[in-house]
Amino acid sequence: STTFGGVTLTLCALPMVCLMPLGGRLADRAGAARLGVKSLLVAVVCIAAYGISPTLISVCVLALFHAISEAITNPAGATAVARGSGAELVAAGQGLQGAVGNACAAIAALAAGGSYESAGATTLWLGTAGAVAACAGLAWYWPRSAATEAEAPRAPVALAVQPTATGTFE
């Protein structure tokens with residue numbers, strides 16, 4: 001129903017709005033790439049469970065945990081991209097991250113209808129969880145420079161770029 005849809009979206013949005021600043025602070029302190037993958041694995045469990053959840057209440061509970069996970073994953077991903085891009089390419093890195101995310105969403109949207117119609121909701125959600133888990137595995141093992149994670153500054157990334165006396169940024 002529309003009411004259920006609205007309640008579920010609200011349950012997702014409120015924790016994300018409230019907890020994303022905390023997720024950003026955690027990413028700065030705990031290592032963005034590793035933290036992002038760990039929180040993404042929580043999302044994988046929630047996504048898989050959507051397909052086997054027996055009641056609307058269980059879907060709402062899953063949505064709440066999923067939203068908390070995303071409140072960590074999103075800022076951690078942005079931080080990892082910013083640190084991995086280098087100061088001169090942060091905007092390009094962020095743009096590429098957004099473009100890849102939108103492309104994946106478009107592909108998923110195209111495939112979801114047919115998958116749901118032919119194989120059902122459980123298969124759709126389990127397949128989606130598998131795809132997200134594969135991406136998390138790739139992110140976990142993707143080669144990174146030492147500066148990206150192990151020796152990353154613990155100050156917020158925005159503070160790492162400072163104006164010089166000539167008005168340029170370093």
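At what angle do the axes of helix α1 and helix α3 cross? The axes of α1 (residues 2-30) and α3 (residues 56-85) cross at roughly 35° and come within 7 Å. Axes here are lines fitted to C-alpha atoms over the stretch in contact, with angles from 0 to 180 degrees between N-to-C directions; helices are DSSP runs (H or I, at least four residues) numbered from the N terminus.

This is a predicted model, in which local features need pLDDT of at least 70 and side-chain atom pairs count only at pLDDT 80 or more, while totals for chains, interfaces and linings use all residues. Residues are numbered from 1 along each chain, and side-chain values use heavy atoms, without hydrogens and water.

The contact of α1 with α3 comprises 20 nonpolar, five polar and three charged residues. Nonpolar covers Ala, Val, Leu, Ile, Met, Phe, Trp, Tyr, Cys and Pro; Asp, Glu, Lys and Arg are charged, and the others, including Gly, polar.

The whole structure holds one salt bridge, defined as a side-chain nitrogen of Lys or Arg within 4 Å of a carboxyl oxygen of Asp or Glu. Asp 28 and Arg 83 form a salt bridge with an N to O distance of 3.4 Å. Asp 28 lies in helix α1 and Arg 83 in helix α3, 55 residues apart.

Relative accessible areas are tabulated below; buried means under 20%, exposed over 50%, and partly exposed in between (1.4 Å probe, protein chains only).

| Residue | Relative accessible area | Class |
|---|---|---|
| Asp 28 | 11% | buried |
| Arg 83 | 12% | buried |
| Ile 57 | 61% | exposed |

Ile 57 is in helix α3.

Key: Helices (H or I, at least four residues) and strands (E, at least two) are DSSP runs, numbered from the N terminus.
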